[in-house]
Amino acid sequence: MRFSPLLVLVVLAGASAFAGSGCSKPEPPVLTPKSAKVTAVSLAGVDLALDVDAFNPNASELSARSVTGTVVLDGRYTLGAATMSTPIRLPAGAHTDLTVPLAATWTDLTALATLAATNRPVPFTVDGTVNVGGDRLNVDLPLHMAGTLTHDELVKAASRSLDALPGLKLPM
């Protein structure tokens, strides 16, 4: 089979035009944690609001599809996995302030009572991933955030849990 020299030139010119047209591998967004705030502490668990700056360096809009994380209190008490699965739009070439709500449930209520009895603020961390992209192409980006539960928040949550048991109260 013979190819016409003109056909070869047209195909090569088209390929080089396509290659130079800006079609390139998408870059992952850059996530910058800003703060992690406790919004509620209850018998069920801890609700958090994670504030993150997300920069999308691409020429196309992306979507933060989900966030998953594990919450650890005081470096030793794991609350378990927390998930947010509401997609968030990341406009092209722009910074977006995200507030991601996460709810983590207590796996051991004795940890709540132990932490409430420490009479100090308790640090927490959230380690997980943010899934960014679409149905056909997406990537998991690492996320690490830290914050503090106040002693008052812990005592109120522990008190509510003990109020559920007849005859027991936690002193305030």
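View 1. N131 is buried, with a relative accessible area of 10% (buried means under 20%, exposed over 50% and partly exposed in between, using a 1.4 Å probe on protein chains only). This is a predicted model, where local features need pLDDT of at least 70, side-chain atom pairs count only at pLDDT 80 or more, and totals for chains, interfaces and linings use all residues. Residues are numbered from 1 along each chain as its sequence is written, and side-chain values use heavy atoms, with hydrogens and water left out. N131 belongs to strand β7, residues 122-133 (strands are DSSP runs of E, at least two residues, and helices are runs of H or I, at least four, numbered from the N terminus). Its side chain makes a polar contact with that of N138, at 3.1 Å (a pair of N or O atoms within 3.5 Å; within protein, one must be able to donate a hydrogen and the other to accept it, and residues adjacent in sequence count only if both atoms are side-chain atoms). Setting aside neighbours within four places in sequence, N131 is in contact with S63, A64, R65, S66, N138, V139 and D140 (contact means heavy atoms within 4.5 Å).

**View 2. D51 and its partner K37.** Look in strand β2, residues 45-56, to find D51. D51 is buried too, with a relative accessible area of 11%. The side chains of D51 and K37 make a polar contact at 2.7 Å. Beyond four places in sequence, the residues in contact with D51 include P33, S35, L98 and M145.

**View 3. L50 in the nonpolar core.** The largest nonpolar core has 39 residues, and L50 and L149 have the most contacts inside it (such a core is a set of buried Ala, Val, Leu, Ile, Met, Phe, Trp, Tyr and Cys residues joined through side-chain atoms within 4.5 Å). Not counting residues up to four places away in sequence, L50 touches S35, A36, L98, T99, V100, L102, V126, L143 and M145.

**View 4. The lining of the largest cavity.** Who sits around this space? L31, V52, V67, L98, V100, V130 and L143 line the largest cavity. That lining divides into 7 nonpolar residues, no polar and no charged (Ala, Val, Leu, Ile, Met, Phe, Trp, Tyr, Cys and Pro count as nonpolar, Asp, Glu, Lys and Arg as charged, and the others, Gly among them, as polar). On a 1 Å grid over the protein atoms alone, a cavity is a set of points where a 1.4 Å probe fits but cannot get out, and lining residues have an atom within 4 Å of a point.

Definitions and conventions
1 Å grid on protein atoms, 1.4 Å probe; cavity = no way out; pocket = protein on both sides within 12 Å on 5 of 7 lines; lining within 4 Å.
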